[in-house]
Amino acid sequence: MPRLTNGLGVQVEDTHICVVMVGLPARGKSYIAQKAQRYLQWLSVPAATFNVGNYRRKDAAQPTADFFDTNNAAGERTRRAAAEAAVADMMKWFKSGGVVGILDATNSTKERRRWVLETCQKEGIETIFVESKCDDEELIMANIRDVKTTSPDYQGQDPEEAAQDFRNRIRNYEKIYVSIDEDGDESEMTYLKMMNVGRQVIINRIQDYLESRIVYYLMNLHIRPRSVWLSRHGESMYNLDGRIGGDAQLSPRGEQYALKLPELVRKSVGDDRPLTVWTSTLKRTIATARHLPKHYNQLQWKALDELDSGVCDGMTYQEIKDYYPDDFRARDEDKYNYRYRGGESYRDVVIRLEPIIMELERSEDILIVTHQAVLRCIYAYFMKKDQEKSPWMHVPLHTLIKLTPRAYGTEEVRYPAGIDAVSTWRGKGSTAKHEDPVPEVI
Ligand SMILES: O=P(O)(O)OC[C@H]1O[C@@](CO)(OP(=O)(O)O)[C@@H](O)[C@@H]1O
């Protein structure tokens, strides 16, 4: 079997890491867990989250806060059984090729953490404890609001009652919760302590490259409100001809889009929010961004250049089919992994976009003007599109896309400029210059 390498450039088939979340309810643990899982999956690292609450819910009816009272022996037994079932499933999953398993639970006592650590050690699995602490009342309240409206525990309940019950539940956990002991018997563990998501972090005993990548990613997360705007460049002369790659100028309609973009941005961003604009180093994205307000900070990234189509650069799809029929077929069969001769695959593009994603996570409002393939990869990260589908996604020209990360997913709004452009979408097998997209892939 070929050795498995992934977007992080490391061989991972022998590595197994259990990321153990630690912290009171409403401290953003599930948010952090799902971000980490998404980031790793996007980089082709097999990652999964095991949420102990879901296991508990399988067996028990809707609990009240008393269920979480430490004096309630039956409740304690059920919660322990749920943790055991979650960990047992995680172990099975590691054996079937899983690399990073995330145990999403409060893991609020030293005993529970020791038990997880020892269970993992027996199976040769590394552990990183990720503790999320929060003393910012506003953040906690926002989290409670999110949890009470979305948690299956409170389905169909009066929101006020649910919030009160949830606060009581937190109080019960507070009675037993012990933060990771930095100086005592937990000082040997690998851990990351995060204060108010990203405001302060403490890191201890990181052991290898994959662990350090996970920790670095988590360190860069923040939960300040922000959006990411994405746009393709205006229609280019190559787009008109159905040619791929190259470094063509904008077409007259592409120029119209460049003139219209500031208005679309103003409508969506507002006047008073500072915006940073990233483009690729190619003429068509730079030209598209050139009428945006001068006070916007603009940066050009080589990493945002279009997928390199190697020997096919400058060809139409028909020419590729004529000159390289096997390649044309191979790309249709596995578009994500197919690498152009002397060029790149979508998988390669994801790898070079990793620093962009890291920087995006650290940043606030950003507008990215880039290319069809690159935009698909960035969009796939935020919208959790899988690798088979993302290279076939329809991303129209002359449309601004606004993505806003929320606690449980990303919200999307599209602003079409109302300026006609050719379609550069291509269906499997097709060599048409400009094909209409099939509706369900939008
Ligand atoms: O992966 P496919 O669907 O071929 O799309 C990527 C292609 O999109 C194009 C347009 O057809 O990008 P761009 O918007 O930068 O002009 C090509 O340059 C690029 O090769």
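**Ground rules.** I number residues from 1 along each chain as its sequence is written. Since the model is predicted, local features need pLDDT of at least 70 and side-chain atom pairs count only at pLDDT 80 or more, while totals for chains, interfaces and linings use all residues.

**Entry: domains.** I started with the overall division. The protein splits into domain 1 (17–220) and domain 2 (228–441), with bounds that come from an automatic or database domain assignment. I find their C-alpha centres 36 Å apart. Eight residues from domain 1 and 10 residues from domain 2 make the contact; two residues are in contact if their C-beta atoms, placed from the backbone, lie within 7 Å.

I then looked at the side of domain 1 that touches domain 2. Helices α1 (29–42), α5 (137–150) and α7 (209–220) are the elements that give two or more residues to that side. (Helices are DSSP runs of H or I with at least four residues, strands are runs of E with at least two, and both are numbered from the N terminus.) The largest share, three residues, comes from α1. By type, I note four nonpolar, two polar and two charged residues on that side. Here Ala, Val, Leu, Ile, Met, Phe, Trp, Tyr, Cys and Pro count as nonpolar, Asp, Glu, Lys and Arg as charged, and the others, Gly among them, as polar.

**Entry: core.** Next I checked the largest nonpolar core, which has 85 residues. Such a core is a set of buried Ala, Val, Leu, Ile, Met, Phe, Trp, Tyr and Cys residues joined through C-beta atoms within 7 Å. Val 19, Val 20, Met 21, Leu 103, Val 130, Cys 377 and Ile 378 touch the most other members. Helix α14 gives the largest share, nine residues. At least three residues come from each of domain 1 and domain 2.

I followed up Val 130. Leaving aside neighbours within four places in sequence, Val 130 is in contact with Val 19, Val 20, Met 21, Val 22, Ile 32, Leu 192 and Leu 218.

**Entry: α13 and α14.** I looked at how α14 meets its partner. The axes of α13 (residues 346–362) and α14 (residues 372–383) come within 10 Å and cross at roughly 65°. (Axes are lines fitted to C-alpha atoms, for helices over the stretch in contact, and angles run from 0 to 180 degrees between N-to-C directions.) From α13 the contact takes Tyr 346, Val 349, Val 350, Leu 353 and Ile 357, and from α14 it takes Ala 373, Val 374, Cys 377, Ile 378 and Tyr 381. I list 10 nonpolar residues in this contact, no polar and no charged.

**Entry: Val 369.** This residue sits in strand β10 (residues 366–370). Val 369 is buried, because 28 other C-beta atoms lie within 10 Å; the cut-offs are 20 or more for buried, 12 or fewer for exposed, and partly exposed in between, with C-beta atoms placed from the backbone. Beyond four places in sequence, Val 369 is in contact with Ser 231, His 233, Val 277, Thr 279, Thr 285, Thr 288 and Ala 289.

**Entry: positive phi.** Most residues other than glycine have a negative phi. I noted Asn 196, which has a positive phi of about 50° and lies in the loop between β5 (191–195) and β6 (200–204). With 17 other C-beta atoms within 10 Å, Asn 196 is partly exposed. Arg 205 has a positive phi of about 55° and lies in the loop between β6 and α7. Arg 205 counts as exposed, because there are 11 C-beta neighbours inside 10 Å.
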